[in-house]
Amino acid sequence: MAMHPAELIIRNAKIATMSDAQPFVQAVAVRDGRILAVGRDDEIGPWRGPQTEIIDAQGKTVLPGFIESHCHADIYGARIHRWADFSWPNVRSKEEVLARIVEATATLPKEAWFVGFRYDDMKLGGFPTIDELDRAGNGHPVFIYRTDHHNGVVNTAAFERSGLAKLSEDPPFGRIDRDPATGKPTGLVRENAAYVVVDELSKDYTAEDFRKGLRQVFAEFLSYGITSLHNSLTQSNGIRAYQDMRAAGELPIRIGIMVSGKEAGLVESYIRAGIRSGFGDEWIRILGVEWCPDCSTTGRTAAYYEPYIGPKALGEPEHNTGMLLYSSEDFRQKVMEATAAGLAVFADGVGDRGIDYVLDAFEAALAVHPNADSRMRVEHSCCATPEIRERMKKLNVIPSSAAGFLYDLGDGYIRVRGEAAMKNMWPHRSWKEMGVIAPAHSDAPICHPNPLRGVYSLVTRKTDTGQLLGKEEAVDLWEALKSYTIYGAYAGREEAIKGSIEPGKLADFVILEEDIFTVDPERIPHIKVNRTIVHGQTAFSA
């Protein structure tokens, strides 16, 4: 027996370490939340003591805990108890949504809003019109937020209550769709016009609202093996909620904070305080700051050089190539100031024009503040053409890839961009061949948080309906799993402490019910998690 025995040993397992030097082992020993040793069962046996917890995995596959490298856990938590979930297949048609609104608004208190989110018009049969929402709302203001969190639909009462009706023209970097024949609003509001409504709905939220919902969000994430997350566009209430949960012993997942550039004054306050990337510890850490200059492909607002194809919503402009949400000068100045302050900058680039826009600002900042290891990130990095890929490699910018879009939104991408464009969407094989590290994420709650959906689509290049999408960019399973483990750790500058199962690293694991390395690939998105372990403690058990 070792002088200081392990607190936990997982044995009789197929442990995929994600380390190329020693890909598979049978057992792992843990003490004080860290990995002591890995190896064969007989090699780890001496670490056993009288108080050691033994998990006999019975041959099951063990992986490092999944790292969700871009999600919106904080706002998901804030909305989960207040807003109706209209995600597919919780609802299956626009008509079902309208019926639910009728039923819910019949008993709402006077003046109360009805709000739904995660609405996918492509799966549900289009958007409801303003007139349909007027009839369904029983006099209440109604807002339906599209699943992309970029566009939404209002009824007349919501149009007035939010203040949109008072505007004589579209808000900057936003659009109110109108019937070309009558000039009347159709109900569809895009980008900053939608955010006017969201800001009105969220103005009274507190850190406790976030904290209450985060308990449910964390339980969901843990059930899919997620042990670390990078919170995109983290709001001040989210930052407070995470710290409150940590103090109360309620934080079961490790948090990387991407400070929101959308919240007025928040990034500037971090710059004034001298807070730099890396501030914090293994539970809550400031990764950097983030802006969202590019938009949504399936919402037909992301910035591309070539116009969108396919059916248009009433009032959508001709030759639509999307939009950007900042002026070039303003965005470059923001990136420059944050970079000078020692904060890593992350920015959403979705379409090819949007990614180039982000890279222009990154390139300008790096010319003034050279840093060969800046770990700037282009979030989502969807349409990465060969020219963009070469540019990102040259700048050493991380393509933080929304691979989860492949599964949930891939059909919509084909519909609005065409099959020929799919060879440049989430090009993970090309990234690998170029030696570029590309972590993958779901962007939950925009897409389902289960990492195995993204893993499946990276391996098969199939959507949730089985459509093939740029099959030449498929990668092998080992590479796909790296995108949700060691590559995610690298994107947070934490590869020394997480992302693989090696001595000295954090004891975060997921045990799967089936062997992901031998099952039919079609089974991958359906594999269940047997157990999720964080810091050597079971955080979820089936």
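Which residues of helix α10 (residues 266-273) are buried? They are Leu266, Val267 and Tyr270. Buried means under 20% relative accessible area, exposed means over 50%, and partly exposed lies in between (1.4 Å probe, protein chains only). Helices (H or I, at least four residues) and strands (E, at least two) are DSSP runs, numbered from the N terminus.

This is a predicted model: local features need pLDDT of at least 70, side-chain atom pairs count only at pLDDT 80 or more, and totals for chains, interfaces and linings use all residues. Residues are numbered from 1 along each chain as its sequence is written, and side-chain values use heavy atoms, with hydrogens and water left out.

## Helix α10

Seen down the axis of α10, the buried residues fall within an arc of 105 degrees, so they line one face of the helix. The arc is that of the directions from the helix axis to the C-beta atoms. An α-helix has 3.6 residues a turn, so residues three or four places apart point the same way. The buried residues of α10 pack against β15 (226-234), α9 (236-247), β16 (254-260) and β17 (284-291). Gly274 follows α10 and has a positive phi, near 75 degrees.

## Nonpolar cores

A nonpolar core is a set of buried Ala, Val, Leu, Ile, Met, Phe, Trp, Tyr and Cys residues joined through side-chain atoms within 4.5 Å. The largest one has 128 residues. Phe143, Phe221, Phe362 and Tyr413 have the most contacts inside it. Helix α12 (residues 352-368) gives the most to this core, with eight residues.

Contact means heavy atoms within 4.5 Å. Leaving aside neighbours within four places in sequence, Phe221 is in contact with Cys71, Ala73, Tyr76, Ile226, Leu229, Ile253, Ala444 and Pro449.

Thr186 lies in strand β14 (residues 185-191). Thr186 is buried, with a relative accessible area of 16%. Not counting residues up to four places away in sequence, Thr186 touches Thr129, Ile130, Asp177, Arg178, Asp179 and Leu314.

## Aromatic pairs and charges over rings

The structure holds 17 aromatic pairs. Rings of Phe, Tyr and Trp (its six-membered ring) pair if their centres lie within 6.5 Å; planes under 30 degrees apart count as stacked, over 60 as edge-to-face and the rest as tilted. Two tilted pairs are tabulated here.

| Pair | Centre to centre | Angle between planes |
|---|---|---|
| Phe24 and Trp478 | 5.7 Å | 50 degrees |
| Phe143 and Tyr145 | 5.4 Å | 40 degrees |

The pair of Phe24 and Trp478 links distant parts of the chain, 454 residues apart. Phe24 is in strand β3 (residues 24-25), and Trp478 is in helix α17 (residues 477-483). Phe24 is partly exposed, at 39% relative accessibility. Trp478 is buried, with a relative accessible area of 18%.

Phe143 is buried at 0% relative accessible area. Tyr145 is buried too, at 3%. Ring pairs link Trp83, Phe117, Phe143 and Tyr145 into a cluster.

A charge sits over a ring if NZ of Lys or CZ of Arg is within 6 Å of the ring centre and within 35 degrees of the ring normal. The charged end of Lys14 sits over the ring of Phe24, 5.6 Å from its centre. Arg377 lies over the face of Phe346, at 4.6 Å from the ring centre.

Two strands pair if DSSP finds at least two bridges between them. Strand β4 (residues 27-31) and strand β5 (residues 34-39) run antiparallel and are joined by five bridges. Val38 in β5 is the bridge partner of Val28.

## Backbone exceptions

Most residues other than glycine have a negative phi, and most peptide bonds are trans. A cis peptide bond joins Trp88 and Pro89, with omega about 0 degrees. Pro89 is in the loop between β9 (84-85) and α3 (94-105). Another cis bond joins Ala444 and Pro445, with omega about 10 degrees. Pro445 is in the loop between α15 (428-434) and α16 (451-460).

Arg300 has a positive phi, near 65 degrees. Arg300 is in the loop between β17 and α11 (328-340), and is buried at 6% relative accessibility. Phi of Arg461 is also positive, near 60 degrees. Arg461 lies in the loop between α16 and α17, and is buried, with a relative accessible area of 0%.
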